Amino acid sequence: MKNSFLLLFASIFSIISIYAQRADKLVKENDTLRIEVIELGDEINSSFDDYAPVITVGKDLMYFTSRRPFTDREKKKGKESMEMIYEAVWDEYDSLWMDPVAMDYPINIPRLHNSNIAISNDGQRLLKYQDDGYGFGDIYESVLIGKEWSEPKSLGDEINSEHHESSASIAPDGRTIYFVSDRPGGVGGRDIWMSKKDDNGNWSTAENLGDAINTKKDEESVFIHPDGKTLYFSSNGHRGK
């Protein structure tokens, strides 16, 4: 899988109620922000790599990627598996995540790396990285039809390229996608790009978000808030406060 796409964490953490706004001046002492970080426990985390969690806007479903043993042989030997996408349901009564379940084909394709990237706000569209078996891969989309996920389809040449595309996020309108790529024509390194879908379902030529967002260093982990106006991302170029 493309190296920079993998944000490997030993555990998945839940960050609750984080709303921060950059300011040109330092915040006042009495204007602090309290953040609570809670480990999700053994129901979600394993002794293997668990990462790339995404949660539906209703906060009742979580999808994440794991390399925990999957086949009987892997479980017997305690051997890590290919990347697989898991689904976990929030148990509101007991206030905990239920044991995750590996998603069925065609989301998880046997003997290939499969990793989730994003979920739409309504939980109806899943973006995933799909390996081609030769160490390369692209961003694919699957749509929830009833209770079944459709066969993932490539987002096409306007999104996928011969260069590296990693994280992505679908806007609330369902017709705008923000994604990260190191393709030529950017400000530098990995940049955040945007594309819009027309009435025929085709994605427009990707547009770079420019130097107000992108820097000469890498931007990554893009996420568009459900309000459709607030963009979150990590950056090696912007100075933190």
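These entries record what I looked up about aromatic rings in this structure.

**Entry: the model.** I worked from a predicted model, and I refer to residues by their number along the chain.

**Entry: aromatic pairs.** I first looked up how many aromatic pairs there are, and the count is 4. I then turned to Tyr63 and Trp149, whose ring centres lie 6.3 Å apart.

**Entry: placement of Tyr63 and Trp149.** I located Tyr63 in strand E4, residues 61-66, and Trp149 in strand E11, residues 148-149. The two parts are 86 residues apart in sequence, so I noted that the pair ties them together. I also looked up accessibility: Tyr63 has a relative accessibility of 1% and counts as buried. Trp149, with a relative accessible area of 13%, is buried.

**Entry: Phe223 and Tyr232.** I next examined the aromatic pair formed by Phe223 and Tyr232, which is tilted. I recorded 6.4 Å from centre to centre and 35° between the planes.

**Entry: charges over rings.** Finally, I looked up where arginine side chains meet aromatic rings. I noted that the charged end of Arg68 sits over the ring of Tyr86, at 5.2 Å from the ring's centre. I also noted Arg183, which lies over the face of Trp193, 5.6 Å from the ring centre.

Methods: This is a predicted model: local features need pLDDT of at least 70, side-chain atom pairs count only at pLDDT 80 or more; totals for chains, interfaces and linings use all residues. Side-chain values use heavy atoms; hydrogens and water are left out. Rings of Phe, Tyr and Trp (its six-membered ring) pair if their centres lie within 6.5 Å; planes under 30 degrees apart count as stacked, over 60 as edge-to-face and the rest as tilted. Helices (H or I, at least four residues) and strands (E, at least two) are DSSP runs, numbered from the N terminus. Buried means under 20% relative accessible area, exposed over 50%, partly exposed in between (1.4 Å probe, protein chains only). A charge sits over a ring if NZ of Lys or CZ of Arg is within 6 Å of the ring centre and within 35 degrees of the ring normal.
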